[in-house]
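Subject: The structure we talked about

Hi,

Here is the structure I promised to pass on. Have a look at it first, and then read on for what turned up.

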Amino acid sequence: MMGRCLSWLMAAFALLATTSAFAQSKLPVVTSFTILADLARNVGGDRVAVTSLVGPNSDVHSYVPTPADAKVLAGAKVIILNGLGLEGATARFMETAAKNARVVVASTGVTPLRLGGEVDPHAWQSIPNAKLYVANIRDALISADPADKAVFEANTAAYLLRLDALDAEVRAEIARIPPERRELISTHDAFGYLGSAYGIAFIAPHGVSTEAESSARDIAYIIKQIRTEHIPAVFLENVTDPRLMEQIARESGAHVGGTLYSDALTSPDGPAPTYIDLMRHNVKQLVTTLSP
Ligand SMILES: [Zn+2]
């Protein structure tokens with residue numbers, strides 16, 4: 001009896017020891033914002049522990065690092081940034097605070113779009129670009145943890161197939177919108193890559209950053225444009241103040257087409273907890289609102 005009890009205890013301890021050793025062996029990965037975190041989780045699977053500095057429904061453009069973030073970065077082995085100017089000055093902070101980490105710029109290899117003189121950083125809004133992000137993340141995880149190369153490669157291959165299916169789905173959905181109605185107003189210029197990849201014109205009163213201010217003249221111009229071009233709808237975003245768009249809708253007679261998710265995922269109980277959910281949600285909103 002005593003022996004059985006003891007061996008049960010020893011088995012329990014052995015299990016505990018393996019579990020905690022396993023938890024400790026997870027590669028610590030830090031990303032600047034939630035969309036990169038989701039891509040990294042899909043590539044890394046159970047071999048990585050991913051932290052996003054900017055959380056769900058929060059605005060990466062106005063991110064200000066905290067001492068707690070510096071601590072998280074100091075423990076990281078891989079840091080994933082978007083690049084293309086998205087992280088601004090905080091990119092330097094992240095690289096400096098991360099003493100022992102590899103820094104990967106996920107957008108490496110993307111053909112950048114420009115808005116005015118500025119580079120548009122929102123490259124993940126095109127699924128072919130997101131596939132480049134995933135390949136860059138895979139390569140960074142493999143160089144940080146070569147022992148798990150086969151796992152990272154298998155996870156990536158499976159996820160890329162899902163992104164191919166998503167891309168086909170998005171194209172088929174957008175084809176349902178009559179070409180003359182593929183035009184809308186969004187809060188900040190976050191959808192240039194989506195528009196250019198899938199043939200929709202997005203017009204935004206803010207610039208590429210949510211930090212940019214719109215002048216009364218910009219707003220008057222947009223209202224006039226909605227009327228003369230018969231733009232059917234304006235959309236809200238989860239990272240920006242809805243009041244300006246509500247005002248524009250009121251004064252122009254355009255329909256408010258719901259919320260688009262541009263720069264941040266939602267929490268797990270929201271409509272866009274993953275990148276794939278985000279793209280599906282946005283396209284559904286576009287099709288529902290813009291189709292006659
Ligand atoms: Zn943005």
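Let me start with one alanine: A249 lies in helix α9 (residues 243–252). Helices here are DSSP runs of H or I with at least four residues, strands are runs of E with at least two, and both are numbered from the N terminus. With a relative accessible area of 7%, A249 is buried. For that word the cut-off is under 20% relative accessible area, while exposed is over 50% and partly exposed is in between, using a 1.4 Å probe and protein chains only. Not counting residues up to four places away in sequence, A249 touches V234, A254 and V256, where contact means heavy atoms within 4.5 Å. A249 and I223 are 26 residues apart in sequence, yet their C-alpha atoms are 8.2 Å apart in space.

Before going further, please keep in mind that this is a predicted model: local features need pLDDT of at least 70, side-chain atom pairs count only at pLDDT 80 or more, and totals for chains, interfaces and linings use all residues. Residues are numbered from 1 along each chain as its sequence is written, and side-chain values use heavy atoms, with hydrogens and water left out.

Now the overall picture. The protein chain has 10 helices and 10 strands, and buried residues make up 48% of its 292 residues. Among contacts with a separation of 6 or more, 65% are between residues 24 or more positions apart.

A201 is partly exposed, at 33% relative accessibility. Beyond its neighbours within four places in sequence, A201 is in contact with R182, E183 and L184.

Next, the interior. In soluble globular proteins, nonpolar side chains tend to be buried together. A nonpolar core is taken here as a set of buried Ala, Val, Leu, Ile, Met, Phe, Trp, Tyr and Cys residues joined through side-chain atoms within 4.5 Å. The largest such core has 71 residues, and the members that touch the most others are V29, I79, I80, L141, L163, Y275 and L286. Leaving aside sequence neighbours within four places, L163 is in contact with I127, A130, K131, V134, Y275 and I276. There is also a second, separate core of 14 residues, including I185, I231, L236 and A254.

Helix α2 deserves a paragraph too. Of its 11 residues, 9 are buried, so α2 is largely enclosed by the rest of the structure. The buried ones are T34, I35, L36, A37, D38, L39, A40, V43 and G44. Their cover includes β1 (27–31), β2 (48–52), β3 (78–81), α5 (127–144), α6 and α10 (275–290). Just after α2, G45 takes a positive phi of about 55°.

How do α2 and α6 pack? Helix α2 (residues 34–44) and helix α6 (residues 149–174) meet at an angle of about 125°, with their axes 7 Å apart. The axes are lines fitted to C-alpha atoms, for helices over the stretch in contact, and angles run from 0 to 180 degrees between N-to-C directions. That makes α2 oblique to α6, since angles under 35 degrees count as roughly parallel, over 145 as roughly antiparallel, 65 to 115 as roughly perpendicular and the rest as oblique. On the α2 side the contact is made by D38, L39, N42, V43 and G44, and on the α6 side by F152, N155, T156, Y159 and R162.

Finally, the charges. A search of the whole structure finds 8 salt bridges, each being a side-chain nitrogen of Lys or Arg within 4 Å of a carboxyl oxygen of Asp or Glu. One of them joins D167 and R171, whose closest N and O atoms are 3.1 Å apart. These two are 4 residues apart in helix α6, so about one helical turn separates them. D167 is buried, at 14% relative accessible area, whereas R171 is partly exposed at 38%. Another salt bridge pairs D46 with R47, the closest N and O atoms being 3.2 Å apart, and D46, R47 and D148 are linked in a network of salt bridges.

Best wishes
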